[in-house]
Amino acid sequence: MAKILLAEDEEVLRMLVVDTLEDEGHEIDEACDGEEAIKLIKQNDYDLVLLDYMMPIYTGLEVIQYIRQILEKKDVKIMMLSAKSQQADQQRVLEAGANYFMAKPYSPLELVKQIEAILNGEDA
């Protein structure tokens, strides 16, 4: 069981992912925007942070930069989930400090498979 933060502003998608990951036995915290994500990251230690790229207040990219540069949390795994899947966008995300990138749309089963690989230390 892992402690995971999901930051996603689309409520229906957030609910689907939370239900799917809870069914797998993970503990999930939810944030509906970048500001809430940063607040939760300050207060908790997570095994994995799942971030939407385009969120209100702070983007997923800004949240990654905050985690890596301000909080200096180098050990938390970060996966960006985004419809912005151009190579330049992916490169920007990885250079900011994300460990993984998954393009939307994705299937819940595909997401679970990727998360399990990440948590088991395998290449996703």
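1. Start with one bridge. S82 pairs with A103 of β5 in this predicted model. Strand β4 covers residues 77-82. Four bridges join β4 to β5, and the two strands run parallel.

2. Now take in the whole sheet. Five strands form it, and the sheet is open. Their order is β2-β1-β3-β4-β5, with parallel pairing. Strands of a sheet pair through backbone hydrogen bonds, either parallel or antiparallel.

3. Which strands stand at the edges? They are β2 (27-31) and β5 (100-103). Each has a single partner strand, so one side of each is left without a neighbour in the sheet. Neighbouring strands are turned by 20 degrees against each other on average, direction ignored.

4. Two helices meet β1, β2 and β3. Helix α1 (residues 11-23) packs on the sheet and touches β1 (3-7), β2 and β3 (48-52). The direction of α1 makes about 170 degrees with that of β2. Helix α2 (residues 34-43) lies across β1, β2 and β3. The angle of α2 to β2 is about 140 degrees.

5. Next, a helix pair. Helix α3 (residues 60-70) packs with helix α4 (residues 87-96) at an angle of about 20 degrees. Their axes are 9 Å apart. Angles under 35 degrees count as roughly parallel, so α3 is roughly parallel to α4. The crossing of α3 past α4 is left-handed.

6. Which residues make the contact between α3 and α4? From α3 come L61, I64, Q65 and R68. From α4 come R92, V93 and A96. By type, the contact has four nonpolar residues, one polar and two charged.

Terms used
Residues are numbered from 1 along each chain as its sequence is written. This is a predicted model: local features need pLDDT of at least 70, side-chain atom pairs count only at pLDDT 80 or more; totals for chains, interfaces and linings use all residues. Side-chain values use heavy atoms; hydrogens and water are left out. Axes are lines fitted to C-alpha atoms, for helices over the stretch in contact, and angles run from 0 to 180 degrees between N-to-C directions. Angles under 35 degrees count as roughly parallel, over 145 as roughly antiparallel, 65 to 115 as roughly perpendicular and the rest as oblique. A crossing is left-handed if the near helix is turned anticlockwise from the far one by less than a right angle, and right-handed if clockwise. Contact means heavy atoms within 4.5 Å. Ala, Val, Leu, Ile, Met, Phe, Trp, Tyr, Cys and Pro count as nonpolar, Asp, Glu, Lys and Arg as charged, and the others, Gly among them, as polar. Two strands pair if DSSP finds at least two bridges between them.
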